[in-house]
Amino acid sequence: MSGLFLTLEGIDGAGKSSHIDALEALFRAAGRAVTRTREPGGTPLAETLRGLILSQPMDALTESLLVFAARRDHIVQVIAPALARGDVVLCDRFTDATFAYQGAGRGFDAEVLSTLERWAQAGQGGNGDGLLQPDITLWFDLKPEIAAERLAGARLPDKFEAQPVEFFRRVAAGYAERAAATRFVRIDADCPREQVWQQVESTLRERGLIT
Ligand SMILES: Nc1ncnc2c1ncn2[C@@H]1O[C@H](COP(=O)(O)OP(=O)(O)O)[C@@H](O)[C@H]1O
Ligand SMILES: Cc1cn([C@H]2C[C@H](O)[C@@H](COP(=O)(O)OP(=O)(O)O)O2)c(=O)[nH]c1=O
């Protein structure tokens, strides 16, 4: 069976992490092996970089380089081998988050990000030019004001979560721009958890990813 690379995206507080357990259970019930992971992170080195990225102030190029360094290690050590085994890889965020947060949010040059993307994701299979890309991306779309309300008091904010709502408006616009890609599926996250889950499940069934 061929591997499936599924990513979850959205602004902080959009509700994506709330559905990962159920997604894993759904694929396992369908007989699939699942590798569940996240970015930045997913390997010891990448988790160390995550700690720095989420806590240290740094300029946007430094941040982008660290994010892609973590990603390269994650791809080589975890994602590419899992896909080669035929696993479903469930990844909480991937490169779309870099375009949304470092690109749209921090205003960093998208051309430079595309160059780093080609370097980090080259030669790892996937589409025609050999760049590793997700097969499907579930984009949890929620207004920044509502996401902030949900996050208030839910957990201690990290470097990004502490940003003002205006930052998340730019990040959300960045995601909306990325959503033109056919692999993107918009999930309306502004509804009760069960309804969000129904959208996730029906998307996977409609696309024949779960039978
Ligand atoms: N559909 C929903 N309605 C209301 N609150 C939600 C919903 N989904 C998640 N939450 C709550 O919102 C907060 C952020 O959810 P989480 O899944 O951690 O978001 P993310 O992983 O996108 O940052 C959590 O406190 C979670 O319990
Ligand atoms: C993958 C990635 C994440 N991020 C940010 C988005 C999030 O604010 C943060 C960590 O993501 P996430 O794991 O969703 O945070 P949490 O565990 O608190 O739900 O890193 C970037 O800025 N660039 C990236 O490339």
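T62 is partly exposed, at a relative accessible area of 34% (partly exposed lies between buried, under 20%, and exposed, over 50%; 1.4 Å probe, protein chains only). T62 belongs to helix α3 (helices are DSSP runs of H or I, at least four residues, numbered from the N terminus). This is a predicted model: local features need pLDDT of at least 70, side-chain atom pairs count only at pLDDT 80 or more, and totals for chains, interfaces and linings use all residues. Residues are numbered from 1 along each chain as its sequence is written, chains are lettered from A and ligands numbered from 1 in the order in which they are written, and side-chain values use heavy atoms, without hydrogens and water.

**T62 contact**
- The side chains of T62 and D59 make a polar contact at 2.3 Å (a pair of N or O atoms within 3.5 Å; within protein, one must be able to donate a hydrogen and the other to accept it, and residues adjacent in sequence count only if both atoms are side-chain atoms).

**Shell of ligand 2**
- Ligand 2 is surrounded by 17 residues, and the closest are D12, K16, R93, T98 and Q102 (a residue is near if one of its heavy atoms lies within 4 Å).
- Helix α4 gives the largest share of this shell, four residues.

**Polar atoms at ligand 2**
- A polar side-chain atom of R93 lies 2.7 Å from a ligand 2 oxygen.
- For T98, a side-chain N or O atom is 2.6 Å from an oxygen of ligand 2.
- E161 has a polar side-chain atom 3.0 Å from a ligand 2 oxygen.

Key
Helices (H or I, at least four residues) and strands (E, at least two) are DSSP runs, numbered from the N terminus.
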